[in-house]
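Please read this note with the sequence and the three-dimensional view at hand. The points are numbered so that each can be checked in turn.

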Amino acid sequence: MRITTWNVNSIRTRVDRVIAFLERSGTDVLAMQEIKCKPEQFPAQAFEEAGYHVAVHGLNQWNGVAVASRLPIVEVRQEFPAQPTWGDPAVVEARALGVTVEDEAGQRTTVWSLYVPNGRELDNPHYPYKLEWLAALRAEAKMWLEADPNARIALVGDWNIAPFDHDVWDMAAFEGATHVSEAERAAFFAFAEDGWAEVTRERVDNYTYWDYQKLRFPKNEGMRIDFIYASPALAEAVRSAEIDRNERKGKGASDHVPVIVDVD
């Protein structure tokens, strides 16, 4: 099974490119973030014509997550319990979608497409919201493992955290900024303390995001902020990983690229 996560930065703008990637890459399950549309606006027909089932969670033109799968989808969960709210009026944003797929042998795998809040600035209310969001996800994810240690679960997506200094092109440029703060990094590594394994780090080394501004991509001034955390049972089945840097090239590219893992 090939699982891919990709912040597509508006699926309606990039649907043709995403479909072309699916056909070229042989991806079985694609988790998308920042689809920026409501379910009724999602270009589902293009995915269905390409042979994919689709689950979508979006509230407006911001955020939004979706999963496309060539395998049958047997369960869909919008949001996770205790997911914190944001805004006035307060709402549970469309930042998490859990989809369980089943292969021909009847084995089930759950993929959570996650779009972690950005945080904005360290003194912005969005920053504690980000930390609260990550803490709530960790608590729920820990219970999932405790309930079924053999469950095959992937927590994938745009984590909006660069866990190590070398995950950004220049730490001096991020002094006093989000994404690299001690609290954010601690929140990211806390998942490993509970048994989750980030399965791309040891297999591939590259950035996953380059800003559109200041020629960041041609200069390779990027960030590594898209990751795949796997449950112990799923981590054991991972055989390879890839970051498709070529998807940042050309007209109409997202500012993120696909992150891919192959599992038995």
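1. Basis of the model. This is a predicted model, in which local features need pLDDT of at least 70 and side-chain atom pairs count only at pLDDT 80 or more, while totals for chains, interfaces and linings use all residues. Residues are numbered from 1 along each chain as its sequence is written, and side-chain values use heavy atoms, with hydrogens and water left out.

2. Ser 10. This residue is found in the loop between strand S1 (2–7) and helix H1 (11–25). Helices (H or I, at least four residues) and strands (E, at least two) are DSSP runs, numbered from the N terminus. Ser 10 counts as buried because its relative accessibility is 13%; buried means under 20% relative accessible area, exposed over 50%, and partly exposed in between (1.4 Å probe, protein chains only). Leaving aside residues up to four places away in sequence, Ser 10 touches Glu 34, Ile 35 and Lys 36, where contact means heavy atoms within 4.5 Å.

3. Salt bridges as a whole. Side chains of opposite charge can pair when their charged atoms come close. A salt bridge is a side-chain nitrogen of Lys or Arg within 4 Å of a carboxyl oxygen of Asp or Glu. How many salt bridges does a search of the whole structure find? The search finds 18.

4. Asp 244 and Arg 24. The side chains of these two residues form a salt bridge, at 3.6 Å from N to O. The pair links distant parts of the chain, 220 residues apart: Asp 244 is in the loop between strand S11 (238–243) and strand S12 (259–263), and Arg 24 is in helix H1. Asp 244 counts as buried, at 11% relative accessibility. Both residues belong to a network of salt bridges that links Arg 17, Arg 24, Asp 244 and Glu 247.

5. Arg 185 and Asp 165. Their side chains meet in a salt bridge of 2.8 Å, N to O. Arg 185 lies in helix H4 (residues 182–193) and Asp 165 in the loop between strand S8 (153–158) and H4, so that the pair links distant parts of the chain, 20 residues apart.

6. Asp 167 and Arg 201. A salt bridge (2.8 Å, N to O) joins these side chains. Because Asp 167 lies in the loop between S8 and H4 and Arg 201 in the loop between strand S9 (197–198) and strand S10 (226–230), the pair ties together parts that are 34 residues apart in sequence. Asp 167 is buried, with a relative accessible area of 1%, while Arg 201 is partly exposed, at 24%.
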